[in-house]
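User: I would like to learn how to read a few features of a protein model. Can you take me through them one at a time?

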Amino acid sequence: MRLEVLPISFALSLFFSVDHTLAAPASHGQPSSRGLHVPILRRARVERNDTEWGNWAKQQKQFLEGKYGRSPSATKRSSGYNLMVNQNIDSSYFGSIAIGTPPVAYNVILDTGSSDLWIANSDCTEGCSGLETFHSSSSSTFTNVTGSFSITYGSGQASGGLARDVVQMAGFQVNNQVFGLCDVVSGGLLNAPVSGLMGLAWKSLSTSGVTPFWQSLYEGNVWDESVMAFYLTRFQNVTNAQDQEPGGVFTMGTTNSSLYTGQIDYQDVPSDAVTYWTLPLTNLTVNSNSVTLPSGSSSYAAIDTGTTLIGGPTAQVSALYAQIPGSAAETGQFQGYYNYPCSTSVNIALSFGGQSWSISPTDFKLTELESGRCLGAIFEFQGSNSGGPAWIIGDTFLKNVYSVFRAKPPSVGFAALAANAESSVTAAGVPTATIGSVSASVTGSGRTHENAASPNSALAWSHVALLICALGTSLLYLF
């Protein structure tokens, strides 16, 4: 059994209840060059005391260390979008997929820090109360796949079997997608309306040996461009933020030029690190003061939409807070975190070999503690001790940029957000659960070592409308 760690977006669910509103792909908007987008939604603020914050902070650290604390192992084209939901004030972002024939919609965390797709099964005996679960008997295209499926996280485990069925998202379809169908889910791993997780990293990271949904589409040559892109909204420190808010837009096969301005600064993934979406962190400043960073693999950072906060090596994180007057290391449940005077505005900037990108002081300020001091959103992380990336760059950073994950060549790009990105997305409101038409499909592939067909060409495509809006999010959430 191989071990994985739960995205922090799942972790927060341990402390926050979620209602049953679903967010799914929208099919409205203005035409574009064959590309689609996925809306994201977000939830309302929940007040916590220091003990609750301490439990949450400790779990975020444990989840990240578990997730990264192991060594990773000629057709018509289109593009599409999926509107996302922002849960628990920037804690997690989820979108909608559809599985089966006829298709049924499910909400899943969109996680560039893992590679497996899994969903709660209708036969689930533990941890699935109140969730929308998958009913295999309702799908005429469902088949079982030999083999078991098991993922272990810092907070528990999801396990069951493997299945094959039609999976749709953002106007794309994989006809024989293999995914985990979980009968046992540890309490707190999933909370309605989330039913599972879709991994968006590379197949080499998959615990089940299955080609990820996005990679089947890319290899099937059905995208206009070999890219996936995210715009994530911010509701951190927004008064009266609701449990669910517009979360942003996830786009496959193209980028949405209405959400960013200027050029996309692409930086290549190192050739020895094409598992996560990894970039070397080359420069880090705190209020314009530089923090000394190592070179080579010791500087590798995973760009992870499924992580709420930012984790980094002890030496560099300590040096970062040393640049903040009055900061101090936390203890107990907050071990690995630092506090600082709330009156201090902290400006963090990161560079991955190109342009420097700033983190809003609002995003860096995780919360105000009962002592009147504020907790920083960057903490000490020891994943590199077990062969994982030295840094994990989550939504604390990604809310500040338009992020693009390019398959060929493997690279990650960032661009400045358009001035009206937030207003254009939030004006659309919280997305509703819908199942749109399919613009392009591929046959898909099975597990590694399984005698299954490799990804084939797209069968057909139809002109797809492109949504020109993005959604918003809030709160900090780690995996």
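User: Where does Asp 304 lie?

Analyst: This is a predicted model. Asp 304 lies in the loop between strand E17 (300–303) and strand E18 (310–312).

User: Is Asp 304 buried or exposed?

Analyst: Buried means under 20% relative accessible area. Asp 304 has 0% relative accessibility, so it counts as buried.

User: What does the side chain of Asp 304 reach?

Analyst: The side chain of Asp 304 reaches the backbone nitrogen of Gly 113, at 3.2 Å. Asp 111 also has a side chain that reaches the backbone nitrogen of Gly 113, at 2.9 Å.

User: Which residues does UniProt list for "active site"?

Analyst: The UniProt record, an unreviewed entry, lists Asp 111 and Asp 304 under "active site". They span 194 residues in sequence, yet no two of their C-alpha atoms are more than 6.6 Å apart, so they gather at one spot.

User: Where is Asp 111, and is it buried or exposed?

Analyst: Asp 111 sits in strand E5 (residues 104–111). Its relative accessible area is 0%, so Asp 111 is buried.

User: Now loops. Where is Gly 444?

Analyst: Gly 444 is in the loop between strand E29 (440–442) and strand E30 (465–466). With 1% relative accessibility, Gly 444 counts as buried. Gly 444 and Val 166 are 278 residues apart along the chain, and their C-alpha atoms are separated by 9.2 Å.

User: What does Ser 139 touch?

Analyst: Start with its place: the loop between strand E6 (117–120) and strand E7 (143–153). At 9% relative accessibility, Ser 139 counts as buried. Leaving out residues up to four places away in sequence, Ser 139 touches Gly 100, Thr 101, Phe 134 and Asp 165.

User: How do I read a nonpolar core?

Analyst: In soluble globular proteins, nonpolar side chains tend to be buried together. Here the largest nonpolar core has 90 residues. Met 252, Ile 348, Phe 352, Trp 391, Phe 397 and Phe 414 touch the most other members. Helix H2 (residues 50–68) gives the largest share of this core, five residues. A second, separate core has 22 residues, including Ile 109, Trp 118, Ala 120 and Cys 124.

User: What does Ile 348 touch?

Analyst: Not counting residues up to four places away in sequence, its contacts include Leu 284, Val 286, Leu 320, Trp 357 and Phe 364. Thr 285 and Ser 358 are also among them.

User: Leu 320 is in helix H4. Which residues of H4 are buried?

Analyst: In helix H4 (residues 314–322), Gln 316, Val 317, Leu 320 and Tyr 321 are buried. They cover an arc of only 135 degrees around the axis, which puts them on the same side of H4. Ala 315 and Ala 322, on the other side of H4, are exposed.

User: Last, sheets. How do strands pair?

Analyst: Strands of a sheet pair through backbone hydrogen bonds, either parallel or antiparallel. In this model, four strands form an open sheet in the order E19-E20-E24-E23, with antiparallel pairing.

User: Which are the edge strands?

Analyst: Strand E19 (328–329) and strand E23 (365–368) are the edge strands, and each pairs on one side only. E19 is joined by two bridges to strand E20 (residues 338–341), and the two run antiparallel.

Technical notes:
Residues numbered from 1 in each chain as written. Predicted model: local features only at pLDDT ≥ 70, side-chain atom pairs only at ≥ 80, totals over all residues. Heavy atoms only, no water. Buried < 20%, exposed > 50% of the residue type's maximum accessible area, 1.4 Å probe, protein only. Contact = heavy atoms within 4.5 Å. Core = buried A, V, L, I, M, F, W, Y, C linked by side-chain atoms within 4.5 Å. Pairing = 2+ DSSP bridges. Arc of directions from axis to C-beta. UniProt positions renumbered as here; feature names shortened; annotations may be inferred. Polar contact = N/O pair within 3.5 Å; in protein donor to acceptor, adjacent residues only side chain to side chain.
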